[in-house]
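Have a look at the structure first, then read on.

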Amino acid sequence: MFASPAIAADLNPQQQHAVHHRGTPLLVVAGAGTGKTKTLATRVVQLIDDGVDPQRILLLTFTRRAASEMLHRVASATDDRAASRVWGGTFHSTANRLLRNFGQTAGLSPNFTVLDQSDATDLMGMVRTEEGFGERSKRFPKKETVAGIYGRMVNSQAKLSEVLETDYPWCADHGDELKTIFSAYTARKRRHQVLDYDDLLLFWRALSAAPSAGPAMRDLFDHILIDEYQDTNPIQSDIIRGMCRPSDDERPTEVCAVGDDAQAIYGFRCASVENMWAFPDHFPGATTVTLEQNYRSTSPILAVANAVLASAPTTAGATSHFTKELWSTKTEGPKPHLLTHHDESAQSRTVCENILDARERGMDLRSQAVLFRAGHHSDGLELELTRRDIPYVKYGGLKYLEAAHVKDLLSLLRILDNPSDMLAWHRVLSSMEGIGPATVRRLAEELELESAENAPLSLARFIDGIGKVPAAAKAEADELRAAFADCIDDADFPPAQQVERLKPFCAMVFPNRYDNSTARLSDIDQLAASAAAYGSRNRFLTELTLDPPGKTSDQAGPPHLDDDWLTLSTIHSAKGGEWRAVHVIHAADGNIPSDMALGDQAGMAEELRLMYVALTRAKDELTVHAPLRFHVNRFGQDDRHVLAQVSRFLDPVRDLFDEGASQAQPSDDSIIELDTVGVADEVDTLLASLWD
DNA sequence: AATATCCGTATTTTT
DNA sequence: TACGGATATT
């Protein structure tokens, strides 16, 4: 029965079951650290071993990183070529791939452009202005809010009125205007051959349900495996069902979903655990396998994680339906530490010292991580790490792609790739000296940009010199026309060279736009370097939007230390990761749970699961930090503080921790800070006494 | 019509 | 801080 004993030899019986089960839909409930990745990868290996054609296997993961990690494992257990033929990737990247092939039937050009979230928001903003809801100061919702409403409506498949009522009550008066904007937004996307993230899923779902394309799409795969099923949304659930040949088919598609309802942390993206809970209903006859043996963490760490989860209210916002009690054979290990600190800087110093200390004990930086709720929570720590020359890489938070100058360059490429991409034209044209909204509008008319069929012609017209620009923009426009002319033929001019060719234009335009233009220009070189990996402009652009580099550029660290670095990560981006030593920082109430989630039951439950995810990343050593004082506002120079308390999720389980206050003395800085507060008050009182 | 300047306000998580 | 929006200036 076990064709490849070597492959599956070190799996436990439940894992074996998950690997070998055939014939009915399979749901694997896999607790944190229970070997989920290994099990899924082994199942793929086994399928290939059993003679399934690799390209008839679809493996859907949450991130591209997860997909490549899994396929890497498959590759090392089979021959590499088999692994590379498996369809692996995120829902969005798979949608992209399918739509490039099947999209024509739905009226999509094969080189449509994919808008990332901020592009989509900008487009929504443009439409909002055009429809006349921008100027008047009648407090119309901002473009971010409009985009937010739209996204929630689409992804949760709810009516606009419902979304307004439950999530945006203060916008309820603007229902009609929003409808106008949404339909204009949609029309515009279609006309210009651009898709936003949601469209990728919507088109995929629509195609799989279409009488013509549906059967062809369902015929592509015999096995569909989905990772992180608890974080799928209703559309994705529809897609899976739409892609499956039903159980009464001659050869039904075999589905295998893997997930952990205790780790659902993407509710804000309309993911709903209900998908996972409803799996047995959606797929009649489904078998459920539960993995409970944890191979990652020591028992004392699991004890804390289990206790946190168990303390969740079992009422409405139920945290886990699939009960499981994680256990480990790694019974030995220190109790987790819970450290309170005087303030953030004491926390930063303690974390650094603990990390260096662990390295002395032989734990290299790569097996240590610092996790936090929000991207900016690591700001203080990053300063301290830099000061101490500790190299690190940060995952999550602000992305390099969102930097304005990077978008500038990508817009240039996007025009070449899809000349009907108005958003890109808009950005590029208005970057030139003396060109504002009115001139852009006139240019768009002269170039006949509005009619999508003529788009390539419009680009040709621009290159030929059509489109009068103000004198101040003359040199810039000439350079742009020349650069476009050189780059227009994608076939024998690789994307990296196109980026290089477009750089002089950037060099002319950046100084007016940005104060640190040299630094920004050197980023363009970096972009050229990453473009070198791609054969075509369209591939490069699409990959970049669907799989943006998750890490922000690493700041600290002399080059000779580059082979060892510390990981900093948001908890969201840490999903699936594991490290020997984990520090969770800013575990104070208001941070975890985020105070934005207070007052909302479902939100609170999700924050708790977030804490659970953070705690279960640790293999051997876990330290949770809570600074008890922090600044009222992150920005201004004022030194007002508020007192915080240890996260409410940890408070009830404190006896499972070794507790301590930070050894770090308040720094000189903070002593001065403290005095200054008093001094300032004194001075103010004195001054006030002068005019009272 | 474009741009310079000032003011106020924000505060998550990501494909 | 840093960005968007509104107002003032060129």
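## Strands, helices and the DNA side

Ala581 has Glu621 as its bridge partner in β17. That pair belongs to a parallel pairing in which strand β16 (residues 579-584) is joined to β17 by 5 bridges. Pairing here takes at least two bridges found by DSSP between the two strands. Element names follow DSSP runs numbered from the N terminus, with helices being H or I of at least four residues and strands E of at least two.

Before going further, some ground rules: this is a predicted model, where local features need pLDDT of at least 70 and side-chain atom pairs count only at pLDDT 80 or more, while totals for chains, interfaces and linings use all residues. Residues are numbered from 1 along each chain as its sequence is written, and chains are lettered from A and ligands numbered from 1 in the order in which they are written.

Back to β17. Strand β11 (residues 337-341) also pairs with β17 in the parallel sense, over 5 bridges, and Thr340 sits opposite Ala626 there. How many of the residues of strand β17 (residues 618-627) are buried? The count is 10 of the 10, so the strand is largely enclosed by the rest of the structure. "Buried" means that 20 or more other C-beta atoms lie within 10 Å of the residue's own; 12 or fewer makes it exposed, anything in between partly exposed, and C-beta atoms are placed from the backbone.

**The whole chain**

Chain A comes to 28 helices and 20 strands. Of its 692 residues, 44% are buried. Take the contacts between residues at least 6 apart in sequence, and 78% of them join residues at least 24 apart. A contact needs two C-beta atoms, placed from the backbone, within 7 Å.

The domain bounds below come from an automatic or database assignment.

| Domain of chain A | Residues |
|---|---|
| Domain 1 | 5-103 + 202-291 |
| Domain 2 | 113-192 |
| Domain 3 | 299-397 + 556-667 |
| Domain 4 | 401-549 |

Domain 2 and domain 4 have C-alpha centres 27 Å apart. Their contact draws 9 residues from domain 2 and 12 residues from domain 4. On the domain 2 side, β4 (113-115) and α7 (117-130) are the elements that give two or more residues, and α7 gives the most, with 4 residues. By type, that side divides into 2 nonpolar, 3 polar and 4 charged residues. The classes work like this: Ala, Val, Leu, Ile, Met, Phe, Trp, Tyr, Cys and Pro are nonpolar, Asp, Glu, Lys and Arg are charged, and the others, Gly among them, are polar.

**A six-stranded sheet**

An open sheet of 6 strands runs in the order β3-β2-β6-β7-β1-β8, with parallel pairing. Why is one side of β3 (87-90) and of β8 (287-291) left without a neighbour in the sheet? Both stand at the edges with a single partner strand each, so that side has nothing beside it in the sheet. From one strand to the next, the twist averages 15°.

Helix α6 (residues 91-102) packs on this sheet and touches β2 (57-61) and β3, its direction making about 125° with that of β3. Such angles run from 0 to 180 degrees between N-to-C directions, using lines fitted to C-alpha atoms, for helices over the stretch in contact.

For β2, 5 of the 5 residues are buried, so the strand is largely enclosed by the rest of the structure. Ile57, Leu59 and Thr61 are buried on one side, Leu58 and Leu60 on the other. β2 is joined in parallel to strand β6 (residues 223-226) by 4 bridges, with Leu60 opposite Ile226. It also pairs with β3 in the parallel sense over 4 bridges, where Leu58 has Trp87 as its bridge partner.

Helix α20 (residues 422-430) has 8 of its 9 residues buried, so it is largely enclosed by the rest of the structure. Among them are Trp425, His426 and Arg427. The cover over the buried residues includes α7, α19 (404-417) and α21.

Helix α21 (residues 437-446) turns up again at DNA strand B, giving the largest share of the nearby surface, 3 residues. In total, 30 residues surround DNA strand B, the closest being Gly375, Gly396, Gly436, Ala438 and Thr439. "Near" means a C-beta atom, placed from the backbone, within 6 Å of the strand. That surface divides into 10 nonpolar, 17 polar and 3 charged residues.
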